[in-house]
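Please open the model in your viewer and keep the sequence panel beside it. The stops below can be selected one after another.

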Amino acid sequence: MSMGLCSEQWPGFEVTKDWNGADQVAIRSPRGASVRVCLHGGQVVSWRNDRGEELLFTSSKAIFKPPRATRGGIPICFPQFGNCGTLEQHGFARNKIWTIDEEAPRLNYGDNNNNKASVDILLKPSEDDLKCWPHCFELRLRVSLSMDGDLSLISRIRNVNGKPFSFAFAYHTYLSVSDISEVRIEGLETLDYLDNLSQRERFTEQGDAITFEEEVDRVYVGSPCVIAVLDHEKKRTFIVRKEGLPDIVVWNPWEKKSKTMVDFGDDEYKQMLCVDAAAVERAITLKPGEEWTGKLELSAVPSTNCSDHLDHPGRL
């Protein structure tokens, strides 16, 4: 593990067991923000601001028992997204036990690590994984919390195989919202999207902003590096920044589908929205020895301040 220090001393990491015996790592900023990462799935399961408010959604009916992935937080989708392939839904990374990466290489990624605390975790394929997906890889994930409470995830996938392989990837981010009917997304207008409710048919977004009145399951392709998710009732805006991830997946199951999901409450669609930084339209291909990097940064700011973030997208 690595931890940046600054003038306001960061406390140490806390490593605990969850109710299934899997390790969880907690990082807390001196100002009160926190993040928890579960080594089952390498999944961020909690992100709280300095007032203790939970910013990620987790279903009250979530199943916290391996090998099921937890419905909520930020599952890692790799090497497949959805059921577009021969593997299990969203691939196997979110259902595997990761390890803390004590020897993580340094990242020269423009981060001011003096203002962040980080944990590095690692996934390598098991023998069973290689039987269903015969490619040797190393998937490293750095989860960082800034002094201001911003959350960042940097994934690096290296091909340690003797032949090329291709994969899809997504940070399947469940945002907590007050009421889905009071939420809109800005930054995706005029983009093409693939509609998963219409056999991935391609359409062009016509609205000035995306609002929600029914089930939505779309892949916006060639999306900008910064978008905003505005929650009018809470007067809060999530700023989503990304790099190396050309797509944005937007999903809300709405009422009918919610009732078919055993690990999701019938009315919980009102309190969540998935906005995933992803690379799913076109697979990423790595030659032997090559490495890919994908980064996500999430900020939660008062809605009155969000225009500053959209006007200055080059912060990553």
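This is a predicted model: local features need pLDDT of at least 70, side-chain atom pairs count only at pLDDT 80 or more; totals for chains, interfaces and linings use all residues.

Residues are numbered from 1 along each chain as its sequence is written, and side-chain values use heavy atoms, with hydrogens and water left out.

Select the four strands that form an open sheet in the order β2-β3-β4-β5, paired in the antiparallel sense; strands here are DSSP runs (E, at least two residues), numbered from the N terminus, and two of them pair if DSSP finds at least two bridges between them. Colour β2 (14-17) and β5 (43-48) next: these strands stand at the edges, each with a single partner strand, so one side of each lacks a neighbour in the sheet.

Now show β3 (residues 23-28) together with β4 (residues 34-38), whose antiparallel pairing runs over five bridges. Within this part of the sheet, Arg28 can be seen opposite Ser34 in β4.

Move on to Arg71, Gln89 and Arg94, which UniProt lists for "binding site" in an unreviewed entry; such annotations may be inferred rather than shown by experiment. Arg71 is located in the loop between β5 and β6 (76-77), and, leaving aside neighbours within four places in sequence, Arg71 is in contact (heavy atoms within 4.5 Å) with residues including Tyr174, Trp251 and Asp263.

Finally, select Arg94 in the loop between β6 and β7 (99-100). Arg94 counts as buried because its relative accessibility is 15%, where buried means under 20% relative accessible area with a 1.4 Å probe and protein chains only.

Key. Buried means under 20% relative accessible area, exposed over 50%, partly exposed in between (1.4 Å probe, protein chains only).
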